[in-house]
Amino acid sequence: MGAELLGRVVDLTEEIARLADESDTAVVGVLKRSYSRDLVSILGFSDLRLSDKAVMSLVLRPGKYLVVGSHADIRRELENLRGRPGVREDWLEARLSWYRSTVDRVPVSHAVKLAFYRAPRTLYPVATKVEYLTSSSLHEDVLLSSLIHVSTGTGIPAPVDYADRLSTITRELKQTMYQKLVAEIAKNAGAKDVIPLLSLTNPEKLDRLLS
């Protein structure tokens, strides 16, 4: 991302945060394609070749959530990984560089928190990753609980899910084909625990499997 474009993103982010604060409005961002391994590494499982989202899909029960912390919190924890056995130095420095640029250039990032939740009655046992800013009248417990309860079968909050439902291929056909693929892999692997690891990072984009 060029410096000019990055500067524009920073300015827009600050403007959104300012307007949200003035109107006492919480702001939530859904990270549908997430392959980060920050939490896994911080917890000491660097050898586990799974993303944070995959692990949370296995750990969290439906209706539960986990607040990881702010960008500044994660940055501090990652800095403590320097010199720890099993932690790849090139990966760590790349992640720290990203967090430094975020925390240092976007002041509001100190208040932005990261969390994972598992919505109930989802089509696939997958966790949802969100970043959010609370408001003075809405505590994070209420905010995250509300997100859980307005999420659809994809695990994504309904407004986001509705916006993505644009396709000429029926949802039923996509689901049928995906379920057959997962069932075949699970049968050959001989383990039910493999199913959460095969669940879609972005369930409403099933059409990608058919392209």
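**Exercise 1: a helix pair**

Helix α4 and helix α5 (residues 89–105) pack with their axes 10 Å apart and at an angle of about 150°. In this predicted model, local features need pLDDT of at least 70, side-chain atom pairs count only at pLDDT 80 or more, and totals for chains, interfaces and linings use all residues. Residues are numbered from 1 along each chain as its sequence is written, and side-chain values use heavy atoms, with hydrogens and water left out.

Task: classify the relative direction of α4 and α5, then describe their contact by class.

Step 1. Helices are DSSP runs (H or I, at least four residues), strands likewise (E, at least two), numbered from the N terminus. Axes are lines fitted to C-alpha atoms, for helices over the stretch in contact, and angles run from 0 to 180 degrees between N-to-C directions.

Step 2. Angles over 145 degrees count as roughly antiparallel, so α4 is roughly antiparallel to α5.

Step 3. Contact means heavy atoms within 4.5 Å. On the α4 side, the residues include I74 and L78, and they meet a set in α5 including W91 and L96. By class, nine residues are nonpolar (Ala, Val, Leu, Ile, Met, Phe, Trp, Tyr, Cys, Pro), five charged (Asp, Glu, Lys, Arg) and two polar (the others, Gly among them).

Technical notes
Parallel < 35°, antiparallel > 145°, perpendicular 65-115°, else oblique.
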